[in-house]
Every structure is written in structure tokens, then in C-alpha cells.
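Try each task yourself before you read its solution.

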Amino acid sequence: MTKIGRNSPCPCGSGKKYKLCCEQKENSFREAKLPPGRFRYESGSYGSPDRGYMPSILCYKEIGTDSWKEHFCLVKPDTVVYEEAEAVIIAENDIASAYSLKSSGGSVHDFALYLRHEGYKKVDDFRIIRD
């Protein structure tokens with residue numbers, strides 16, 4: 001992940017300098033202990049045909065051997081497209097980039113921060129609709 005300069009605009013989109021916005025929060029995040037367990041990520045879309053679709057990433061937590069439960073959902077609210085498949089492709093590409101960062105020596109924290117810097121936000125009250 002490219003290091004963000006303290007005087008650079010904050011990647012969260014607030015318009016503030018990074019040092020006055022998210023730098024301290026992200027430094028605390030890097031030092032925080034991660035939750036135990038194994039996780040996997042799945043790309044998807046969040047939205048509807050009449051309002052458009054946003055790329056989304058669903059995180060699953062392992063709860064037993066070959067048993068997974070939805071843990072949280074990330075949505076990229078600043079990116080709205082009108083084809084559901086396009087939203088899924090954007091999310092797939094973002095997950096792939098985050099994984100490549102991790103596989104080239106980055107940490108799990110770097111993986112999460114990459115997705116945050118790409119504009120993903122956690123959705124607390126989400127519903128999964130299966131076709």
C-alpha cells in the first residue's frame with residue numbers, strides 16, 4: 001500500500017489533511033489486536049434495479065469445520081452503477097488488489113485499510129437476498 005503523506009488529502013474523502021483526519025485512528029487500528037478466527041470475503045452488489053447497485057464485500061467468519069456465518073458487509077457508497085454485474089466486478093477487483101497487497105508482504109491491517117481507502121464502509125444492518 002502506498003504510504004499516505006501527513007499533508008495529503010485524507011483518503012476517506014473528508015477534504016481534510018490526513019494528519020487532521022484519519023491518521024491517528026489508522027495508527028491505532030494498526031496497533032489493535034485482530035479478532036481471532038478465519039475469515040473469507042465474497043464480492044457482491046448492494047442496492048436495487050431502481051436505485052442502482054454499489055459494489056459490496058461480504059465477510060464470513062468460520063464457525064466450524066467448513067461452516068461459515070455472515071460477519072459484516074462492506075459497501076462502496078460513492079460508486080453507483082446500474083448493472084448489478086458491474087458492481088460485482090468492481091468488488092472482485094478490489095478484493096483481488098487487497099489480497100495481492102497482503103500476499104506481497106502486507107498485513108491483515110493493510111488489507112483492511114486498502115479497502116477503506118478504496119471507499120468501502122461497514123454496513124451494520126444488512127440483509128442478504130438470495131435468488
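This is a predicted model: local features need pLDDT of at least 70, side-chain atom pairs count only at pLDDT 80 or more; totals for chains, interfaces and linings use all residues.

Residues are numbered from 1 along each chain as its sequence is written, and side-chain values use heavy atoms, with hydrogens and water left out.

**Exercise 1. Strand pairing**

Work out how β2 and β3 are joined, then see which strand pairs with β3 in the antiparallel sense over three bridges.

Solution. Start with the labels: helices (H or I, at least four residues) and strands (E, at least two) are DSSP runs, numbered from the N terminus. Two strands pair if DSSP finds at least two bridges between them. β2 (residues 52–64) and β3 (residues 67–75) run antiparallel, joined by eight bridges. Next, look at the connection: the two strands make a hairpin with two residues between them, and Asp-66 in the turn has a positive phi of about 55°. Then move on to β4 (residues 121–123), which pairs with β3 over three bridges, again antiparallel.

**Exercise 2. The surroundings of Tyr-53**

Is Tyr-53 buried or exposed, and which residues is it in contact with beyond its neighbours within four places in sequence?

Solution. First, the cut-offs: buried means under 20% relative accessible area, exposed over 50%, partly exposed in between (1.4 Å probe, protein chains only). Tyr-53 comes in at 9%, so it's buried. Now for contacts (heavy atoms within 4.5 Å). Leaving aside neighbours within four places in sequence, Tyr-53 touches a list that includes Ser-45, Tyr-46, Thr-79, Val-80, Tyr-82 and Ala-87. Take Val-80: 27 residues away in sequence, yet 5.4 Å from Tyr-53, C-alpha to C-alpha.

**Exercise 3. Aromatic rings**

Solution. Rings of Phe, Tyr and Trp (its six-membered ring) pair if their centres lie within 6.5 Å; planes under 30 degrees apart count as stacked, over 60 as edge-to-face and the rest as tilted. The search turns up three pairs. One of them is Tyr-41 with Phe-111, tilted, at 5.0 Å centre to centre and 45° between the planes. Tyr-41 sits in β1 (residues 39–48) and Phe-111 in α3 (residues 108–117), so this pair ties together parts 70 residues apart in sequence. Phe-111 is buried at 4%, while Tyr-41 is partly exposed at 22%. Tyr-99 and Phe-111 also make a tilted pair, with 5.0 Å between centres and 50° between planes. That one links α2 (residues 84–103) to α3, with the partners 12 residues apart.

**Exercise 4. Cysteines**

How many disulfides does a search of the whole structure find?

Solution. The criterion is a pair of cysteine sulfur atoms within 2.5 Å. The search finds zero. Check Cys-10: the nearest cysteine sulfur belongs to Cys-22, 3.5 Å away, and Cys-10 is in no disulfide. Cys-10 is buried, at 6% relative accessibility. Cys-59 is in no disulfide either, and its nearest cysteine sulfur, that of Cys-73, is 10.0 Å away. Cys-59 is buried too, with a relative accessible area of 0%.
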